[in-house]
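This report covers helix packing and strand pairing in one model. The sequence and structure come first, followed by the description.

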Amino acid sequence: MTGIDPTAVVDPEARLADDVVVGPYAVIGAGVQIDSGCWVGPHAVINGPTHIAADSRVFQFASVGEVPQDKKYHGEESRLEIGRRNTIRECVTINRGTADGGGTTRLGDDNWIMAYVHIAHDCQVGNGVVFANGASLAGHVEVGDRVTLGGFSLVHQFCRLGQGCFTAMGSCIRQDVPPWVMVAGDPAEPHGTNSEGLRRQGFDQAAQQRLRNAYRLLYKRGLRLAEALETIEAEAQGDPAIMEFLTFLRASPRGIVR
């Protein structure tokens, strides 16, 4: 398939790069910008203001850039920003932002978003995130780089998922998940560090062990949070991953999964 299918509906105010492919019966609204190398499948709907950066793919029946599902929204200007090389599979829904949440829902680069995922208004998603089928983010959720959300994971509004964390299938997440921690259950509880993710990201055995030690101090030693943070910092020796772990914990208004 090349070019824009004659059955597609593309608003004259949409801006598409010359090589963008648009499939049959797709609908692209005003205020949409789609950059070079992108592919839009049949029956997909993209409304604006939305910007999709280069080499991204939007599969059939996805709804991207629609107004937020928020009763406080009354038509004010808001946006959706999607980075490079994102894959958005069948029936995914991604909403624009709201005035209360800064006005922009944002996804970084290289995210893999499987079927029936929902990303609500004002979410901020990093790079290299994997959303398995049916995972859902409520509004205002922050997702760090290289997070993996298992199928049908549910994330409460305003929660934060730290870099490299992993949520098992069906996890119900009501508080923040620290970087590189695995969680599972309803409500989600910690189940060790994401050792496979750490290995894939090139962490050597010594770095992985330091993160395991930090995890044990936080969750297994019976320490109060302030005591655990102090002990982790004393043992960190400037390790960047541990310092990120600490920074995340200290900036957690909802508290962390326990």
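## Helix packing and strand pairing

Helix H2 (residues 205-219) packs against helix H4 (residues 240-250) at an angle of about 30°, and their axes are 9 Å apart. Angles under 35 degrees count as roughly parallel, so H2 is roughly parallel to H4. The crossing of H2 with H4 is right-handed. On the H2 side the contact is formed by Arg210, Leu211, Ala214 and Leu218, and on the H4 side by Ala241, Ile242, Phe245 and Leu249. Of the residues in this contact of H2 with H4, 7 are nonpolar, 1 is charged and none is polar. The model is a predicted one.

The strands form, among other things, an open sheet of 8 strands with parallel pairing, in the order S2-S5-S8-S11-S14-S17-S20-S23. Strand S2 (15-16) and strand S23 (160-161) are at its edges; each has a single partner strand, so one side of each lacks a neighbour in the sheet. Strands of a sheet pair through backbone hydrogen bonds.

| Strand | Partner strand | Direction | Bridges |
|---|---|---|---|
| S11 (residues 79-82) | S14 (residues 104-107) | parallel | 4 bridges |
| S7 (residues 45-46) | S10 (residues 63-66) | parallel | 2 bridges |
| S10 | S13 (residues 93-95) | parallel | 3 bridges |

Ile82 stands opposite Leu107 in S14. Ile46 has Val64 in S10 as its bridge partner, while Ser63 is bridged to Thr93 in S13. Strand S10 is joined to S7 by 2 bridges and to S13 by 3 bridges.

Methods
Residues are numbered from 1 along each chain as its sequence is written. This is a predicted model: local features need pLDDT of at least 70, side-chain atom pairs count only at pLDDT 80 or more; totals for chains, interfaces and linings use all residues. Side-chain values use heavy atoms; hydrogens and water are left out. Two strands pair if DSSP finds at least two bridges between them. Axes are lines fitted to C-alpha atoms, for helices over the stretch in contact, and angles run from 0 to 180 degrees between N-to-C directions. Angles under 35 degrees count as roughly parallel, over 145 as roughly antiparallel, 65 to 115 as roughly perpendicular and the rest as oblique. A crossing is left-handed if the near helix is turned anticlockwise from the far one by less than a right angle, and right-handed if clockwise. Contact means heavy atoms within 4.5 Å. Ala, Val, Leu, Ile, Met, Phe, Trp, Tyr, Cys and Pro count as nonpolar, Asp, Glu, Lys and Arg as charged, and the others, Gly among them, as polar.
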